[in-house]
Amino acid sequence: MENNNCDLAIIGSGLTGLSAAIAAYSRNPDLKIKLFGIPFDSNTAKKGEIENIPGINKIVGVDFIQQLVQQVESFNLEFAQDKLGEERAEETSDTQVPEEMKQDFPKIIVTNEMISSVSKSESGFEIKTEQETIKSNAIIISTGVPELKQTIKGEDEFEHKGVSYCAVCDGALYRGKKVAIIGKGNFVARGTLFLRKYCRKITLLCPTDELKCDKRFLKKLQLAQNIVIKTGIDLSTIEISGTQMVQGLRYREDDEVKDISVNGVFIELKDKPDFSIFANLNLEKTSEGFIKTNENGSTNVEGVFAAGTVKGELDYAPILMGDGYKTGYHATNSLKKKD
Ligand SMILES: Cc1cc2nc3c(=O)[nH]c(=O)nc-3n(C[C@H](O)[C@H](O)[C@H](O)COP(=O)(O)OP(=O)(O)OC[C@H]3O[C@@H](n4cnc5c(N)ncnc54)[C@H](O)[C@@H]3O)c2cc1C
């Protein structure tokens, strides 16, 4: 195998992709695995605390991603030690493995590179980044679902001037202020509960008739004195206004136009996944536009697997990790069969 090629390319290095890499390595440490994407730009790294991973009480997202990356990289160290020979490894602590030795035997490479296109080649797949073209025998797609932008009137105009896409990242900037948050489900519930600690008043505008979040969140939201929840709000009626910075928000509720004064608007809407980089593969989709897979994560294209939110999986860290792990396991098995 040429140096920059790999057996398995995992496209997307959030917690789904990192879990897939751990599974693939555990199943077959002889595989060369490349992980594309930016772990510290994943949803988990950017957003708050996670508190529902079995065995972990509470962890800040970016710390959790850091731990997963370290775990993945420790496999390279382990491999380097194995290559050094049992005898020497015994007298060599982790830190004593020479740097060049670790470089010589990277089994899982976290590239921090974004992919521009993927196409089928004779023996597998050709993956293009800005820097290079890599060949891989199989791929796992775990690119996640981006935030939905340019849906709300005034959103563009006031981005960085009071409009934010991450309550957890920017909430503290609005200490003592009135803000609005737009979205549904656990994303928006968690974001609102976070804002509660800092903001004087939070108006939550939800496009669906129910918030569709976990009951434990709903209870906390309903109990909070400084949170007002408005459901069934048509997103097309919402308009952000101001001069230099956000000053107000208009929306329609039961045919009545409402104007509220706010200093910040947090937009926590999620988009459909973007599969344009995989267009050449002709992947089959579900009626909702997600990648269609079998139970083991395989798609209609041999050698292509998909894991996590790209296939419409429930957006919970433990579920995504399990799905990533399962898919990594099966993708590795499919390579074994080829051998
Ligand atoms: C506010 C908030 C709070 C949350 N809290 C919790 C919680 O408490 N508990 C819980 O269970 N879940 C929580 N979640 C949900 C869950 O953790 C995330 O949605 C999850 O991180 C999604 O993981 P993912 O791996 O599928 O995708 P992402 O984390 O979105 O990762 C996608 C990866 O794909 C890469 N990528 C994208 N495009 C390309 C490309 N062209 N080439 C290469 N790479 C690419 C990115 O760089 C990134 O590494 C929360 C989510 C949010 C937004």
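Visitor: Which domains give residues to the shell around the ligand, and where does the ligand lie?
Guide: This is a predicted model. Residues of the shell come from domain 1 (6–146 + 271–338) and also from domain 2 (163–267). Because both domains give residues to the shell, the ligand lies between domain 1 and domain 2.

Visitor: Of the residues around the ligand, which come nearest?
Guide: The shell around the ligand holds 37 residues. The elements that give two or more residues to it are α1 (15–27), α2 (43–46), α7 (185–196) and α9 (317–338). Of the 37 residues, the nearest are G12, G14, G37, G144 and A317.

Visitor: How many residues of the shell around the ligand are charged?
Guide: By class, the shell has 15 nonpolar and 17 polar residues. The charged residues in the shell number five.

Visitor: How many helices and strands does the protein chain have, and what share of its residues is buried?
Guide: The secondary structure comes to nine helices and 17 strands. The protein chain has 339 residues, and the buried share of them is 40%.

Visitor: In what order do the five strands of the open sheet stand, and which are the edge strands?
Guide: The open sheet has the order β9-β16-β10-β11-β12, with parallel pairing. Within this sheet, β10 (residues 178–182) and β16 are joined by four bridges, and V179 stands opposite G264 in β16. An edge strand here pairs on one side only, and the edge strands are β9 (163–164) and β12.

Visitor: What is the hand of the crossover from β11 to β12?
Guide: β11 (residues 201–205) and β12 (residues 227–230) pair in the parallel sense over four bridges, and L205 has K230 in β12 as its bridge partner. Between the two strands the chain passes through helix α8 (residues 215–223). This β-α-β crossover is right-handed.

Visitor: Through how many residues does a hairpin join β6 to β7?
Guide: β6 (residues 115–120) and β7 (residues 125–129) run antiparallel and share five bridges. In this pairing I115 stands opposite T129. The hairpin between β6 and β7 goes through four residues.

Visitor: In β8, which residue is the bridge partner of F125?
Guide: β7 also runs antiparallel to β8 (residues 133–141), and four bridges join them. A hairpin through three residues connects β7 to β8. The bridge partner of F125 in β8 is S136.

Visitor: Is D255 buried or exposed?
Guide: Most residues other than glycine have a negative phi. D255 is not a glycine, yet its phi is positive, near 65 degrees. D255 is found in the loop between β14 (246–253) and β15 (256–261). A residue with 12 or fewer other C-beta atoms within 10 Å counts as exposed, and D255 has 6, so D255 is exposed.

Visitor: Where is N282 found, and is N282 buried or exposed?
Guide: N282, also not a glycine, has a positive phi of about 50 degrees. The loop that holds N282 lies between β16 (264–267) and β17 (304–306). Because N282 has 10 other C-beta atoms within 10 Å, N282 is exposed.

Visitor: What share of the contacts in the protein chain with a separation of 6 or more is between residues 24 or more positions apart?
Guide: The contacts counted here are those with a separation of 6 or more. Among these, the share from residues 24 or more positions apart is 63%.

Conventions
Residues are numbered from 1 along each chain as its sequence is written. This is a predicted model: local features need pLDDT of at least 70, side-chain atom pairs count only at pLDDT 80 or more; totals for chains, interfaces and linings use all residues. A residue is near a molecule or strand if its C-beta atom, placed from the backbone, lies within 6 Å of it. Ala, Val, Leu, Ile, Met, Phe, Trp, Tyr, Cys and Pro count as nonpolar, Asp, Glu, Lys and Arg as charged, and the others, Gly among them, as polar. Domain bounds come from an automatic or database domain assignment. A residue is buried if 20 or more other C-beta atoms lie within 10 Å of its own, exposed if 12 or fewer, and partly exposed in between; C-beta atoms are placed from the backbone. Two residues are in contact if their C-beta atoms, placed from the backbone, lie within 7 Å. Two strands pair if DSSP finds at least two bridges between them. A crossover is right-handed if, with the strands pointing away from the viewer, the path from the first strand over the helix to the second runs clockwise.
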